[in-house]
Each structure stands twice: as structure tokens, then as C-alpha cells.
Amino acid sequence: MSVFTLSLNGLTAAEFMAEYWQKKPLLIRGALPGFQGFLSPEELAGLACEASVPSRLIQCDPARANQGSGWTVKHGPFEDEDFNALPPDHWTLLVQGVNHVLPEAQALLSAFNFIPTARLDDVMVSYAPSGGGVGPHVDSYDVFLLQGAGTRRWRISQQTDRTWIPDAPLRLLAQFETEQEWLLEPGDMLYLPPHVAHWGIAEDDACMTYSIGFRAPAARELAIEFLEACRQEGWPDALYQDPDQPAVSDACEVSEAMASNVAQLLNQLLWSPEQLGPFLAKYLSEPKAYVVFEPPRRPVKKPQWLQQACQRGVVLDLQAQILRWQTRYYLNGEAIDVPAEAQTMLNRLANQRTLSAEDMSHPAAQRLHDWLYQQYQSGVCHLAETA
Ligand code: SIN
Ligand code: CO
């Protein structure tokens, strides 16, 4: 398995976060020197034929690129014929969630582990022949656009004009005022914070771009989900109190005092980090809707499995996610119940997604054995490949 070591223009991860993250774009030449990607266009097309892997084909008629009807978007899964019917240029195939199916993509994500896992979304890989791209647009999320094989010209703009091309099947900017542009070659990477307009066009027939994308849950979504979690957990269980309520002559009124009393009650009880923290770890570790874990067809018995696990080590399934709040751990949206002594190993598993043979024999990991075997039975944890 490759280990990807990023270089950030000589910046430390701490400097990058302080100066650029969520603030301004950064072009990084040679972010991964020698990187050529780990998928051929044919392999990417193969992934796009799988029902469990979200994919899109976007095509543009260059003569009508500024009209909505000049663009088409099709969603996968695709069949070979879909690709055979394509013109030689001006289209792109985008495959989402590649880290859920390829260990190499997961290893690439690990190079970004100076950013909390809870903020990571996925690795998307695109292929485009010459002239292909998704058009000029704006994203709401941070992204690192890493060039694999081939070359892509990126143009960016801090413009505030958000006039979209009418009736297009995707949100495309009608006007694009290029402020900076670069030709990215293999291993080069462009970091973009949210809302910077960008436009990438393949300059040859080999262009593969790896997008390391982040997520930022919307306040409304978090509020709704948190309140739902409150309902399920039965908190807060306090009741409205009003020992200072004076006698009233207009009994039908809900008074301002009553409203601020409620605000105080809810503010104190609902939005405290002590309650939001575990909710976030639980909620953000939930898998995406399309994720399915496949239990082993013929599971081996526990003693045999443990013997092999202690010889080979274990790996977390590519689709699984563990997040921690203080000393509470959550796997795929469920609280993990393991003894306190096991937590150092659980933390290692959360961050490295693997426990080596040596780790597995450590007394702390022994406290995890029963739990790991259950995860193996559910398809959430596997034996590591033998070297
Ligand atoms: C791509 O075409 O690979 C990147 C899409 C984007 O601009 O977000
Ligand atoms: Co974009």
C-alpha cells in the first residue's frame, strides 16, 4: 500500500491551516511529486458501471457551451455502450466515493489527516478527454484538486456574480472573469476554499483529477438532526418553570417573559458542547445512504479468526468510520461499548484504520477482541492482507 506524503509549498500543516484553510486558494506545484494517479480511464469507467458507486457523465457541445441546452448530465450506473456512444472530446466522467472502494484512495485521504476526519467527505476521481470538464461553477465546500495523469487548465475567480446559465442541468456561471489560471501537471494540486469560482478544462486525452472533498453540515440540518437525537435520547427532561410569574389580567397572552424563559431553558439544555459533542461524533460517523456492509459469506469461528487476526492484523472496512468525542467512540453512527483499557487501541484503529499483528497481541487490544470479531461478522472489519 502506498503512503502518500504531501508537500504544501514548504508550509507546515499548521501554517497551511492558519493561512489558507477556508480563507484563500493555494496552488501547490509538486504536492505529491511523481503522482500519476492509481486509476486508468478504463478502470474508472469500470467503477462507474457499479450500482454502489455514484457516478455522472457530463457532456458539453462546445458550440453551445453558454446555453443550458449545450450541456447534458447522466447519472450512473453506466454500461459499456454509454461510453462507446461518446464523442472523442468535451465530456467528463466523475466518480464519487472512490475511497469507499479503493484502498489507494483511502491512503490518499490519510495524507490529509491534519484535518479532522469529521470534516472529510470523499475522494472523487474524474476523467476527461481534451476540452472536457464540468464547466465554470462554484462549490460550497473546500476541495483539494490533485492532478493525476494528464494536464488540466484551472481558472479561478473571486467574482461575486452568481448569474447561472438558464435551464442548464447543472449550475454553471453565465460569466466567468478569470483572475488566475494555471496548467496543472501530474502531482500538482490546487486548494480552493468554498465559494471561489473555478473552471477546469482538460488539455489532453489523459486528464485524471482527484478531488479530495470536504463537507460542512448546514446549521439547519444539524439543528433538525440534533433535535431528533434529543427526542430519541429523551433529553432535555426539564420542564418549564415560572416561580416569578405574576398574576395576569389577559390570560390568553403568551408573554415575552415566557418566551425568554423558554429561550433560557433551551439554550442551557440543548446547545451545550456536552450534548452536541456526542451527537456530532455519532451523526457525522453515519455512513452515506448508499453504503452497504457485506458480512463474510462463510464466517470463520471466533478462535480461528482471532488466531489469524493476531498473525495478520485487521483493517477497518473502507466504508466504515469511527469518530470520538472525549472518551466516547462511535462507529457508523452507533456508540461503541468497549472497556476503558481498550481505548488506546480503538483510537489507533480510528486514526490508522488498521491494527497490526503486534497491536492485536497487545493487552489493550485483547480487550477489543470480542468487539472486533462482531465487526468482522458484520463486514465492518476484515483481516489484513498478508504481505
Ligand atoms: C473535476 O472536474 O475533476 C473537478 C470538478 C470540480 O471542479 O469540482
Ligand atoms: Co468544483
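The following questions and answers concern this predicted model.

Visitor: Which residues coordinate the cobalt ion (ligand 2)?

Guide: In sequence, the donor residues are spaced H-x1-D-x58-H. The distances to the cobalt ion (ligand 2) are 2.0 to 2.1 Å. The donors are His137 (NE2), Asp139 (OD) and His198 (NE2).

Visitor: Is histidine 137 buried or exposed?

Guide: A residue counts as buried under 20% relative accessible area. Histidine 137 has 11% relative accessibility, whereas aspartate 139, with a relative accessible area of 29%, is partly exposed. Histidine 137 therefore counts as buried.

Visitor: Which strands stand at the edges of the open sheet?

Guide: The open sheet consists of eight strands in the order E1-E9-E6-E11-E5-E4-E2-E3, with antiparallel pairing. An edge strand has a single partner strand, so one side of it is left without a neighbour in the sheet. The strands at the edges are E1 (26-28) and E3 (71-75).

Visitor: Which residue in E5 does leucine 94 stand opposite?

Guide: Strand E4 covers residues 91-95 and strand E5 covers residues 120-128. The two pair in the antiparallel sense over three bridges. Opposite leucine 94 stands serine 126.

Visitor: At what angle to E4 does helix H2 run?

Guide: Helix H2 (residues 41-48) lies across several strands, namely E2 (55-60), E4, E5 and E11 (207-214).

Visitor: Where does proline 77 lie, given that the peptide bond from glycine 76 to proline 77 is cis?

Guide: The omega of this cis bond is near 5°. As for its place in the chain, proline 77 lies in the loop between E3 and helix H3 (80-84).

Visitor: What is the phi of histidine 195?

Guide: Histidine 195 is found in the loop between strand E9 (189-192) and strand E10 (197-202). Its relative accessible area is 47%, and it is partly exposed. Although histidine 195 is not a glycine, its phi is positive, at about 70°.

Terms used: Residues numbered from 1 in each chain as written. Chains lettered and ligands numbered in written order. Predicted model: local features only at pLDDT ≥ 70, side-chain atom pairs only at ≥ 80, totals over all residues. Heavy atoms only, no water. Donors = N, O, S within 2.8 Å, 3.2 Å for Na, K, Ca; no water. Buried < 20%, exposed > 50% of the residue type's maximum accessible area, 1.4 Å probe, protein only. Pairing = 2+ DSSP bridges. Helix = DSSP H or I, 4+ residues; strand = E, 2+ residues; numbered from the N terminus. Contact = heavy atoms within 4.5 Å. Axes fitted to C-alpha atoms, helices over the stretch in contact; angles between N-to-C directions.
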